[in-house]
Amino acid sequence: MQKIAVIGAGTMGNGIAHVFAQNGYSVHLIDVSPTALDKALATIDKNLERQIAKEIIKEADRKDTLDRLKTFTDLAEGVKGVELVVEAATENVDLKLKIFRELDQHTGADVILATNTSSISITKIAAVTKKPGKVIGMHFMNPVPVMKLVEIINGYATEKAVSEQIKALTLQLGKVPCVVNDYPGFIANRILMPMINEAIYSLFEGVAGVDEIDTVMKLGMAHPMGPLQLADFIGLDVCLSILQVLHDGFGNPKYAPCPLLVNMVTAGYLGAKSGEGFYKYSAGSKNIVVSDRFHKI
């Protein structure tokens, strides 16, 4: 593979584009918003500068990486001549199905179509295309340039050769591939989201406060980040969406989202990206404090 398209210029999309371009691939970054594309390029440049400061890469590597990136607002134009498309749009099933229907029209029979979904069925996405054997999940972790894991999800119809090719590609990116099958939440979120949900329930029921819950998991279980802070970092709306997929997919009440999470998302308290979730976040500051709403439980 020489040329890759990435759809979506948000946090995940720009991170995926960054990693591919840094590893020698020509990357077409596609988004309907020119502003989002400009912001993505600025973010990639900033992250490359951090890598230079940490002596991970050299200035020449930064220039070469940026030179390999091209931006497009038109999907049909952006996927011309590519061998792999990685969709990293918002975690919304209707949007993803729409994108894959369009991709099916504008890509050849041999082009592999991957989705960065964290919970939506690969089989369901593949079913709207004429080449379900070429559809696969590539679930990168955030922040993409730093995190090593890529969860590779085989849909029901994914060809074995496609799975092996994506596994080899993941290794070429310096990542660690873990191949799993297509069931709600896959592995990462099937295990992670119930833990986060239980932490929210523990807060909701007054068992302990935000800081106490996160401290127990950091110091007692050697987690680098507590579950409530991690939920803020992921986005509480994303957590809610994934839990709803798990609940709908398995029909088991243990996956039912905590009412506190539902209320916070409904009210617009989405975590770091909105400025407040379980913690409060100040622009330009690395210091976070527990939200005033949770000082008393």
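Predicted model: local features only at pLDDT ≥ 70, side-chain atom pairs only at ≥ 80, totals over all residues.
The buried positions are M12, G13, N14, G15, I16, A17, H18, V19, F20 and A21, where buried stands for under 20% relative accessible area. From its first C-alpha to its last, α1 reaches 17 Å, close to the 16 Å expected at 1.5 Å a residue. Just after the helix comes G24, with a positive phi of about 95 degrees.

In soluble globular proteins, nonpolar side chains tend to be buried together. Here the largest nonpolar core has 33 residues, and those with the most contacts inside it are I16, F20, V27, L84, V86, F140 and I166. Helix α1 (residues 11–22) gives the most to this core, with six residues. Leaving aside residues up to four places away in sequence, I16 touches V6, V86, A88, N116, F140 and V144. Another core, of 27 residues, lies apart from the largest one; V210, I213, L228 and M264 are among its members.

Turning to the sheet, eight strands form an open arrangement with mixed pairing, in the order β3-β2-β1-β4-β5-β6-β7-β8. Its edges are β3 (69–72) and β8 (176–181), each of which pairs on one side only. From one strand to the next, the twist averages 25 degrees. Strands β4 (residues 84–87) and β5 (residues 112–115) run parallel and are joined by four bridges. In this pairing, V85 of β4 stands opposite L113 in β5.

Helix α2 (residues 34–53) packs on it by touching β2 (26–30) and β3, and the direction of α2 makes about 160 degrees with that of β3. Helix α7 (residues 160–172) also packs on the sheet, where its contacts are with β4, β5, β6 (135–140), β7 (149–154) and β8. The direction of α7 makes about 155 degrees with that of β8.

In an unreviewed UniProt entry, the annotation "domain: 3-hydroxyacyl-CoA dehydrogenase NAD binding" covers residues 3–182. Within the model, this span is 43% helix and 22% strand, and its end C-alpha atoms lie 27 Å apart.

How values were computed. Residues numbered from 1 in each chain as written. Heavy atoms only, no water. Pairing = 2+ DSSP bridges. Helix = DSSP H or I, 4+ residues; strand = E, 2+ residues; numbered from the N terminus. Axes fitted to C-alpha atoms, helices over the stretch in contact; angles between N-to-C directions. Contact = heavy atoms within 4.5 Å. UniProt positions renumbered as here; feature names shortened; annotations may be inferred. Core = buried A, V, L, I, M, F, W, Y, C linked by side-chain atoms within 4.5 Å. Buried < 20%, exposed > 50% of the residue type's maximum accessible area, 1.4 Å probe, protein only. Expected span 1.5 Å × (residues − 1).
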